[in-house]
Amino acid sequence: MAISNDYPREQNEHIAARRTKLAKLKELGIPVYTQAEQRDTSVADFISKYHDQTSEELQQSTIVHHLVGRVLAVRHFGKAAFLQFADAHGRSQSYVSRDLLGIEQFDLCKKYIEVGDIIAVAGTAMRTKTGELTLRTTKITLLTKSMRPLPEKFHGLTDVEARYRQRYVDLIVTAKTKQTFLTRSKILKIIRSFFADTEGFLEVETPMMHPIAGGAIAKPFTTHHNALHMDLYLRIAPELYLKRLLVGGFEKVFEINRNFRNEGLSTQHNPEFTMLEFYSAYTDYEEFMLLTERLFATLCDELGLPTATIDYQGTKVDLTPPFKRLRVKDGIKAYTDISDTDLHDLPKLLRWLHERKIETKGLLSLGHAQMAVFDNFVEQHLQAPTFVTAYPIEVSPLAQRDQQDPSVAQRFEFFICGREIANAFNELNDPDEQYQRFCEQAEQKRQGNDEACDVDLDYIRALEYGMPPAAGEGIGIDRLVMLFTDSSSIRDVIFFPQLRSEQAN
């Protein structure tokens, strides 16, 4: 069957009107998708240069500036018009008139330039009667004709799914969205500087396709390499590769990496997400608590927060160190009615969970049952920054056992506003015990736990060469950005979140 050359265009009266204008411009021989005009200043620099000058002072200025941007609003007044436009750095407005442009160019501007178009303007600075800094425009060029109207300016893009699916439109019309991603970029810059410059870590890169899914308890995505004739997994965590680098002699490494987990979607979960993971030899998870506190203090300072208190979804959160410490079992006893005796009785714990309609399938050990209680009934209460420690060893397959209490790991998770922000532990470096832990995970997978990890024999071989005592930590970048931008959903801080296909909708 031949493939049609007709693009399946969406049609409505607004798009049809714009296409009519496009056809007329082409008929007149006026370029509508042109080469970039040379600009000599950004909108932000234009505003900065003249923001404190009076109207009288600007009348004496003869400097011609060339700016570019997208038209966001047009107001016509007979023989004159104001065009509000924006580039990546700010918004300003252009004053055009028949006297300044000439009859022909002004008429073209009035008839064919509209909201959404990308233009180049040249002129001198002026102030309007209301005092607004404006470009007195002597030349205007249409660079790109927009075929679709932007959402109505006073209400913006109100359809939440449309905002995520058409992020390019959301960024044009929603200032808060743009600011969120500018803040995200700044957070990443601060983190890189903190680890590389302040803390002396080496930034590294590790593979995104793994022959064995490991480094976390999660269900992976699978793919296939044709040339090698082998199945591969998209990375669920970089942990095992980063620890191989500790074996190789690098003592402090970090990676800001993209991970992929074949899990459900929620306000806190996206199938692909960004993590910071860092590992340091000859240190422990207690020191990493202090490092985490230093990182948050740096973020508050570098982001320019007036105090270390943020407002997240109506809750005031004080990020001033030191942060609270809480053991898993103490949290369960503080926020549930489970007695200390029942806390160590698997059948009673399972019955308690079942009575509260919590799924108990797959809870094969006391530690798993304890964590089901913690996840469902304790986490939500951890609004203030809290380091939760003493996790059951059964749910910590890569962590060292606590020497005083072998039933728990030398580990913490960091919570703010009821959400896990970070996970850290002293790394297990005994190859024999690690092999046994892998085998236990493999048995769990055989019994139906599709999130359990496999046996990675090469990683065991690496440990047999000797890995120094070390600690490692992972911090969810997306959740961190949510916190500092007061975003309620992870989709608000990912440029292009995963969505159901439009055809499925």
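**Cavities and a surface patch**

The largest cavity holds about 50 Å³ of space. This is a predicted model, in which local features need pLDDT of at least 70 and side-chain atom pairs count only at pLDDT 80 or more, while totals for chains, interfaces and linings use all residues. Residues are numbered from 1 along each chain as its sequence is written, and side-chain values use heavy atoms, with hydrogens and water left out.

A cavity is a set of points, on a 1 Å grid over the protein atoms alone, where a 1.4 Å probe fits but cannot get out; lining residues have an atom within 4 Å of a point. A search of the whole structure finds 2 cavities of 30 Å³ or more. The residues E37, Q38, H66, L67, A120, V121, A122, K139 and T141 line the largest cavity. Two or more of its lining residues come from each of β1 (65-77), β4 (118-127) and β5 (133-144), and β4 gives the most, with 3 residues.

The second largest cavity contains about 30 Å³ of space. Its lining consists of Y312, I416, C417, R419, I421, R479, M482 and L483. At least two lining residues each are supplied by β17 (419-426) and α17, with the largest share, 3 residues, coming from α17. Helices (H or I, at least four residues) and strands (E, at least two) are DSSP runs, numbered from the N terminus.

On the surface, Y168, F495 and F496 form a nonpolar patch with about 370 Å² of accessible area together. Accessible areas come from the Shrake-Rupley method with a 1.4 Å probe, and for residues only the protein chains shown count as cover. F496 lies in the segment after α17 (477-485).

Technical notes: Patches are made of residues with over 30% relative accessible area and no salt bridge: like charges are joined within 9 Å, nonpolar side chains (Val, Leu, Ile, Met, Phe, Trp, Tyr) within 5 Å. A salt bridge is a side-chain nitrogen of Lys or Arg within 4 Å of a carboxyl oxygen of Asp or Glu. On a 1 Å grid over the protein atoms alone, a cavity is a set of points where a 1.4 Å probe fits but cannot get out, and a pocket is an open set with protein on both sides within 12 Å along at least five of seven lines; lining residues have an atom within 4 Å of a point. Grid points are joined across faces, edges and corners, and a volume is the space filled by probe spheres set on the points.
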